[in-house]
Amino acid sequence: MHPFAFLRPADTAAAVASAAQANTAQQGADMRFVAGGTTLLDLMKLNVETPARVIDINRLPLNQIEVTPDGGLKIGATVRNTDLAHHPTVQRDYAVLSQALLAGASAQLRNMATTAGNLLQRTRCVYFRDTAMPCNKREPGTGCPAITGTNRTLAVLGTSAHCIATHPSDMCVAMAALEATIHVQGPQGTRTIPVGDFHLLPGSTPHRETVLEPGDLITHVTLPPPVVGSRQVYLKLRDRASYEFALASAAVVLTVAGGHVTRVRVALGGVGTKPWRSPEAEAALVGQPAHQAHFRTAAEVALRDAKPQSENAFKIELATRCLTHALQLATA
Amino acid sequence: MRDDPQSGQSNLTCQALLRTTGGSAAAAVMAGDSMSREGAAPAAIADGANIAGAVPITLRVNGTDRPLRVDPRTTLLDCLRETLALTGTKKGCDHGQCGACTVHVNGRRVNACLTLAVMHAGDEITTIEGLGTPDALHPMQAAFLACDGYQCGYCTSGQIMSAVALLTEHCGPDDTAVKELMSGNICRCGAYANIVAAIQHVRKHP
């Protein structure tokens, strides 16, 4: 691990001021905020992350869960995954989020990992994690050996000729289906970012993963008021029953009236280069009978533009069945 | 559990052993030789005075304040093992994938390998050495011994720290729920069935 200075700012403004001097907020950043540390320290040990300064935000007052005036939910940046998953309001009104969190990592990691940290979780692509290998995400311009190499777990949606790395988060998939808003405090003040606009497609710049700029600190996430009468499901398929990343996952927030779908939000995990909301699948479902044949059709629409690699074509059918089954579970 | 003859058998064995097994034999397995070595580390290592860039912190470990100087890069795991000579906590993968380094911070289990020592000034840290003593084992330590919840023993302290934390967590009554919440602790010997039996014994006979 490279040496670094450890800073513990007194307040959020001081944290932002320190981080504003960073060269970038993306790969190669010389300053990093640390909260749970479960991604950052992992990657610092691998020399994938080499910040010269690490800014501890754990003592800042960012760890509350509160109902907002409009009836939504405000989730602080450093709220631990365990606490969010078991919060009574989350379990009652945002069940898909609770299910997604509890499907991720281990009990120990969930006690450490935070809401903001999970939004910034990094890919598990083996080439990204190995500094002996080329990787456009880690070192722009060096190439993507995954495209001709080991890619069984990598993405089929949102890929480019430069990167096919999967976004690994479960929480973000649920956040996408819940239409969360990310609140950032930066050197120019505060701003909000819809979760769908927060993560970037790799394109020709896979080292840029989010819209964050130097000094930007995620302070909290808000969820809109709960959808009355909705059924929510997070279904995760993986190589082992627990403590494993998704090969495919689906988050569904579904409302049915009179046997027909009246409102639905759909997002996929494990198959995209970012948490993958599918407005196309949603459009294919609304107004249709809540029936398996329509679910399958909508799931096929969600995967319509999927591009298989040498080892991961199975993910297209797996994700299609995953979403179909999640929709069935939501109407069971 | 009672519908499963194998689990039932395992529990009977477990209970019978608990009635007949003394605590002394557990000491070597549960606490290792670390308790006797605590405090015996060379002073230059213990206070980190010669490390460039070392920062002063006080860690509260097993109820005792430990003033230290640590390189900011030092993980909580390395600090416990190398600086404080509390070697009951094990380093397995060093990347949060195996659970061998599990300790409690403010009563919650965490992977000590993925957190920095400097992040824990003022926190209450409990390691396997702080759980029980050779003469007065924690009930979970006694249950692991009685149920044969280990083979080589390398993962055992992490398993026990996780198991003790599980007692206070949201966990359903059946074995499946226990297995799910213990999935962050890998045992290459494959002692899982007996680990689950030990945990279920403690849960049913608190």
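Predicted model: local features only at pLDDT ≥ 70, side-chain atom pairs only at ≥ 80, totals over all residues.
Leaving aside its neighbours within four places in sequence, which residues is Thr75(B) in contact with? Keep that one in mind while we get our bearings.

Chain A has 12 helices and 12 strands. Its radius of gyration is 19 Å, close to the 20 Å that the globule rule gives for 332 residues, so chain A is as compact as a globular protein of that length. If you boxed up its C-alpha atoms along the principal axes, you'd need a box of roughly 60 × 50 × 35 Å. Buried residues make up 53% of the 332 residues here. Now think about which parts of the chain meet. Take the contacts in chain A between residues at least 6 apart in sequence: 65% of them join residues at least 24 apart.

The domain assignment of chain A gives two pieces, domain 1 (5-55) and domain 2 (231-331). Their C-alpha centres lie 35 Å apart.

Let's zoom in on helix H12 of chain A, which runs over residues 314-331. How far apart should its ends be? At 1.5 Å a residue, its 18 residues should span 26 Å, and the end C-alpha atoms are 26 Å apart, which agrees. Several residues of this helix are buried, among them Ala319(A), Cys322(A), Leu323(A), Ala326(A) and Leu327(A). Lys315(A), Thr320(A) and Thr324(A) are on the buried list too. What covers them? The cover includes three strands, S9 (231-237), S10 (248-257) and S11 (260-269), along with helices H10 (279-285) and H11 (292-302) of chain A.

Pick Ala177(A) and look around it. Not counting residues up to four places away in sequence, Ala177(A) touches Val96(A), Ala251(A), Val252(A), Val253(A), Arg265(A), Val266(A) and Ala267(A).

Time to cross over to chain B. The contact between the two chains takes 25 residues from chain B and 20 residues from chain A. On the chain B side, strand S4 (108-111) and helix H8 (175-181) each supply at least two residues. The largest share, four residues, comes from S4(B).

Chain B itself has nine helices and five strands, and read along the sequence they follow the pattern α-α-α-α-β-β-α-β-β-β-α-α-α-α. Of its 206 residues, 48% count as buried. Run the contact check again for residues at least 6 apart in sequence, and in chain B 63% of the contacts join residues at least 24 apart.

Chain B is divided into domain 1, made of two stretches (5-31 + 132-204), and domain 2 (35-130). Where they meet, 12 residues of domain 1 are in contact with 16 residues of domain 2. The domain 1 side of that meeting place has seven nonpolar residues, five polar and no charged.

Next, a backbone detail. Most residues other than glycine have a negative phi. Asn62(B) has a positive phi of about 50° although it is not a glycine. You'll find Asn62(B) in the loop between strand S1 (55-61) and strand S2 (64-70) of chain B. Asn62(B) is partly exposed, with 19 other C-beta atoms within 10 Å. Asp94(B) also has a positive phi, near 65°. Asp94(B) is in the loop between helix H5 (76-83) and strand S3 (102-105) of chain B, and it counts as partly exposed, with 18 C-beta neighbours inside 10 Å.

Asp94(B) leads us back to where we began. The C-alpha atoms of Thr75(B) and Asp94(B) are separated by 9.6 Å, while the two residues are 19 residues apart along the chain. Thr75(B) sits in the loop between S2 and H5 of chain B. Is Thr75(B) buried or exposed? With 25 C-beta neighbours inside 10 Å, Thr75(B) counts as buried. And the opening question? Leaving aside neighbours within four places in sequence, Thr75(B) is in contact with Ala112(B), Cys113(B), Thr115(B), Leu116(B) and Ala117(B).

Notes. Residues numbered from 1 in each chain as written. Chains lettered and ligands numbered in written order. Domains from an automatic or database assignment. Rg over C-alpha atoms; globule rule 2.2 N^0.38 Å. Buried ≥ 20, exposed ≤ 12 C-beta atoms within 10 Å, placed from the backbone. Contact = placed C-beta atoms within 7 Å. Expected span 1.5 Å × (residues − 1). Nonpolar A, V, L, I, M, F, W, Y, C, P; charged D, E, K, R; others polar.
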